[in-house]
Amino acid sequence: MRAERRFPAMGSEAHVIVVGVATERLVELAVRELEALEERWSRFRPDSELSRLNAVAGTPVELSPVTFDAVQRAVEAWRDTFGYYDPTVLRALERVGYDRSFELLTHAGPRPRTDAPLPCPGCVGIELDPANRTVRLPAGVAIDLGGIGKGLAADLVCEHLLDAGADGASVNVGGDVRVAGASPSPDGWVIDVDDRAVVSLAEGAVATSSTTRRRWTVGGRGYHHLIDPATGLPAESDLVTVSVVGATAAFAEVVGKAALIAGAAVGTSIVVEHQMAALMVDADRCVSRVGGFEKYELAGALA
């Protein structure tokens with residue numbers, strides 16, 4: 001048996017597919033778990049764990065195990081990508097007007113506050129205490145778990161579905177997809193990648209970062225939500241979309257975002273260094289494949 005559902009989650013759309021028995025019950029489980037993670041990690045909810053952490057920067061804050069893990073992964077990802085992925089972009093996002101959920105931002109009209117470059121602080125001063133599960137952000141520093149949070153949510157919920165009895169599961173949160181176990185297709189888990197490729201995975205993840213979505217325009221200038229930590233402004237690299245295949249959606253999301261911000265040359269090095277594969281689209285809509293991306297593609301699927 002198979003059950004699936006699409007629903008709003010984490011400021012985007014989630015798509016959950018469950019294969020096995022009691023599939024409707026397991027889909028409900030996925031909905032509840034994604035809602036619970038959003039309650040913890042949303043920067044738009046003043047009572048979330050993330051908002052509470054950001055509100056008292058300079059003071060150690062005890063976090064739940066899942067939120068401490070998310071922050072720890074974000075800091076490690078900053079180091080692993082040489083700072084191209086940076087969770088300390090929150091104040092920069094707010095400066096360019098992304099200070100509310102995107103639907104509200106669009107309806108209210110975008111309000112960029114500055115075009116002046118202001119580098120993001122980075123994670124060097126963030127203190128993590130695993131024994132007590134506390135995090136202390138330096139005074140004035142705030143973090144956003146947006147991208148890595150969606151990927152990690154896809155990973156956690158997919159794994160929990162299998163633990164709860166699913167034969168197979170696919171969890172897609174805003175384009176960050178994690179699959180595991182029995183698939184509904186003889187070709188494996190078949191995933192459309194930004195309408196430019198179709199990949200087939202037995203296990204693993206694919207995540208897409210793009211500057212062609214979540215855009216707004218003010219005074220003829222376009223803005224998007226992917227911030228270059230070096231400037232604190234929307235990234236202006238030669239890439240517009242990067243899709244990465246990896247073992248987990250969280251790290252595929254991190255590497256994809258870092259590669260897009262870094263640009264094709266450095267981005268390719270980041271993908272290859274982490275032994276991952278990527279589909280890259282540049283500003284002229286030219287497509288390149290990195291790290292053996294072709295081996296995941298389903299031949300003839302776009303024909």
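Two strands pair if DSSP finds at least two bridges between them. I start from that rule and apply it to a predicted model.

**Entry 1, the sheet.** I looked up β4 against strand β5 (residues 134-136) and found antiparallel pairing over three bridges. Within this pairing I noted L128 opposite V135 of β5. I then asked in which order the strands of the sheet run. I read the order as β3-β5-β4, an open sheet of three strands with antiparallel pairing. I recorded β3 (61-62) and β4 (127-129) as the edges; each has a single partner strand, so one side of each lacks a neighbour in the sheet. Next to this I noted that helix α3 (residues 65-80) packs on the sheet and touches β4 and β5. I took the angle between the directions of α3 and β4 as about 135 degrees.

I placed T134 in strand β5. Is T134 buried or exposed? I put T134 down as buried, because its relative accessibility is 16% and the cut-off for buried is under 20%. I listed its contacts, leaving out residues up to four places away in sequence: P60, V61, E62, F68, E127, L128 and D129. I also checked T134 against V177: they are 43 residues apart in sequence, and their C-alpha atoms are 29 Å apart in space.

I looked up the span of α6, which has 18 residues. From its first C-alpha to its last I got 26 Å, close to the 26 Å expected at 1.5 Å a residue. I counted 13 of the 18 residues of α6 as buried, so this helix is largely enclosed by the rest of the structure. Just after α6 I noted G165, with a positive phi of about 120 degrees.

Two packed helices are described by the angle between their axes and the distance between the axes. For helix α1 (residues 23-41) and helix α6 (residues 146-163) I found axes that come within 10 Å and cross at roughly 145 degrees. I noted the crossing as right-handed. Which residues of the two helices meet? From α1 I listed L26, L29, A30, E33, L34, L37 and W41; from α6 I listed G149, L152, A153, L156, V157, H160 and L161. I sorted the residues of this contact into eleven nonpolar, two polar and one charged. For the spacing of such lists I kept one reminder: an α-helix has 3.6 residues a turn, so residues three or four places apart point the same way.

Terms used. Residues numbered from 1 in each chain as written. Predicted model: local features only at pLDDT ≥ 70, side-chain atom pairs only at ≥ 80, totals over all residues. Heavy atoms only, no water. Axes fitted to C-alpha atoms, helices over the stretch in contact; angles between N-to-C directions. Helix = DSSP H or I, 4+ residues; strand = E, 2+ residues; numbered from the N terminus. Left-handed = near helix turned anticlockwise from the far one by under 90°. Contact = heavy atoms within 4.5 Å. Nonpolar A, V, L, I, M, F, W, Y, C, P; charged D, E, K, R; others polar. Buried < 20%, exposed > 50% of the residue type's maximum accessible area, 1.4 Å probe, protein only. Expected span 1.5 Å × (residues − 1).
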